[in-house]
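I opened this structure today and kept notes as I went. The entries follow in the order I looked things up.

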Amino acid sequence: MSAQVSRPGGAIAPDRRDAELEVGETPGRSPLDRLREFALRNPGDPRAGERLFFDAKGVGCVKCHQVDRQGTSSIGPNLAGVAAKYDKAELVRSVLEPSARIATGYQPVLIATTNGQVLTGLVRSETDAGVETDAGVA
Ligand code: HEC
């Protein structure tokens, strides 16, 4: 007897993708641990990475990041020289667990104003006269 299971996501079922990560990995770990292990063990492919980075229809890192002058978004930091700033483990963590360590200037803040408004956003500048967030000026 055979059972057919259909899953959303098309031809590559989630457990098939996991199976590809099984080379030399420690069994019984979470999918996140497996991805981290895979990324740390393998050298990576700069060309494939670049394609993914600039593919606005896919992962599209360029939707939030610039590298030098490539890209226009300033939602995330400019990633030029980021490989010299962090080791591989830290870079892998930034991609797999984006909120584990927030780059300076990118911590979201909540501001309660004296007139009872609550603003949330990223601090763009702060002076004695006021605080400017990407949500507005408080
Ligand atoms: C939805 C917007 C968004 C997308 C898409 C995005 N990022 Fe980010 N990224 C951010 C923001 C915001 C930060 C700063 C906050 C933080 O450090 O987590 C950041 C931080 C980073 C950092 C740390 C930079 C530093 O100087 O500390 C790296 C590395 C990074 N992202 C890589 C990537 C890669 C690679 C991709 C694509 C696979 C990607 N990001 C996709 C928004 C994004």
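Which helix holds L96? I found L96 in helix α5, which covers residues 88–96. I take helices (H or I, at least four residues) and strands (E, at least two) as DSSP runs, numbered from the N terminus.

I noted the source next. The model is predicted, so local features need pLDDT of at least 70 and side-chain atom pairs count only at pLDDT 80 or more, while totals for chains, interfaces and linings use all residues. Residues are numbered from 1 along each chain as its sequence is written.

The cut-offs are 20 or more for buried, 12 or fewer for exposed, and partly exposed in between, with C-beta atoms placed from the backbone.

I then looked up the neighbours of L96. Leaving out residues up to four places away in sequence, L96 touches L32, L35 and R36. Contact means C-beta atoms, placed from the backbone, within 7 Å. I also checked A39: its C-alpha atom is 9.8 Å from that of L96, and the two are 57 residues apart along the chain.

I turned to the whole protein. I listed 5 helices and 4 strands. From the N terminus, the order is α-α-α-α-α-β-β-β-β. Of its 138 residues, 1% count as buried.

Last, I checked the ligand. How many residues surround it? I got 18, and the closest are C61, C64, G76, A103 and Y106. Here, near means a C-beta atom, placed from the backbone, within 6 Å. Helix α5 gives the largest share of this shell, 3 residues.

Terms used:
Contact = placed C-beta atoms within 7 Å. Buried ≥ 20, exposed ≤ 12 C-beta atoms within 10 Å, placed from the backbone.
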